[in-house]
Amino acid sequence: MKRILVATDGSVLSGKALAKAIELARQFDARLTIVNVMDVVPVGQSLRRFVAAELPATTLQPVPLSLLNSYGISSVDSVEALDSQSRAVAQLVSDRILANAQATAEAAGIKGVDTVSAAGDPAREIVAAVKAAGADLVVVGRRGLGGLNELVLGSVSQKVLHHAAADVMVVA
Ligand SMILES: Nc1ncnc2c1ncn2[C@@H]1O[C@H](COP(=O)(O)OP(=O)(O)O)[C@@H](O)[C@H]1O
Ligand SMILES: [Mg+2]
């Protein structure tokens with residue numbers, strides 16, 4: 001086993017996945033890639049569709065500024081600004097999650113720790129990162145930040161299990 005990839009959303013269970021990945025990387029003298037995927041939908045994106053003059057996907061009239069104002073939005077510009085701010089916040093959080101996980105791995109003596117911050121559908125991006133890193137094993141938590149207790153497996157761990165081109169370990 002040469003390279004282990006661990007996916008973390010910053011949740012407690014993904015922390016257990018990280019601990020397991022560190023333990024295995026140590027035992028196999030493997031390299032470690034830590035991945036976090038930002039799955040934030042830009043808040044202004046849907047609104048911008050309705051504000052635009054062309055509305056191919058709807059029969060609604062364009063949203064007038066007065067209506068935006070009554071919802072506390074000062075202008076179309078602020079809709080755009082909201083998007084770039086939400087992206088920046090997501091990046092900040094992703095960077096913090098990754099820096100924290102990297103520091104934990106390095107403190108445990110793992111050499112050659114890489115981090116990947118991606119954006120989009122988490123499972124799809126994790127599967128792509130497994131391929132790009134050429135990982136032999138991908139480690140995920142059984143559940144993450146979602147908190148739908150009736151599910152035994154979260155949807156991300158489930159999709160990674162089905163689609164990753166590597167061995168998959170789901171940490172309980
Ligand atoms: N955005 C993400 N970035 C990286 N890893 C993730 C992300 N979301 C989930 N994971 C991985 O998948 C595991 C299971 O999470 P998930 O399937 O989303 O369950 P839940 O529905 O409880 O959030 C997490 O412990 C983590 O290892
Ligand atoms: Mg989740």
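How many salt bridges does a search of the whole structure find?

Mentor: The model is a predicted one, in which local features need pLDDT of at least 70 and side-chain atom pairs count only at pLDDT 80 or more, while totals for chains, interfaces and linings use all residues. Residues are numbered from 1 along each chain as its sequence is written, chains are lettered from A and ligands numbered from 1 in the order in which they are written, and side-chain values use heavy atoms, with hydrogens and water left out.

The search of the whole structure finds two salt bridges, a salt bridge being a side-chain nitrogen of Lys or Arg within 4 Å of a carboxyl oxygen of Asp or Glu. Side chains of opposite charge can pair when their charged atoms come close.

One salt bridge joins the side chains of D114 and R3, at 3.2 Å from N to O. This pair links distant parts of the chain, since D114 belongs to strand β3 (residues 113-119) and R3 to strand β1 (residues 3-7), 111 residues apart. Helices (H or I, at least four residues) and strands (E, at least two) are DSSP runs, numbered from the N terminus. As to exposure, buried means under 20% relative accessible area, exposed over 50%, and partly exposed in between (1.4 Å probe, protein chains only). D114 counts as partly exposed because its relative accessibility is 36%, whereas R3, at 14%, counts as buried.

The side chains of D121 and K159 also meet in a salt bridge, with an N to O distance of 3.7 Å. D121 lies in the loop between β3 and α5 (122-133) and K159 in helix α6 (residues 155-163), so this pair ties together parts that are 38 residues apart in sequence. D121 is partly exposed at 32% relative accessibility, and K159 is partly exposed with a relative accessible area of 37%.

These pairs can now be placed in the overall fold. The protein has six helices and five strands, and from the N terminus on its elements run β-α-β-α-α-α-β-α-β-α-β. Of its 172 residues, 36% count as buried. The C-alpha atoms fill a box of roughly 65 × 30 × 30 Å along the principal axes.
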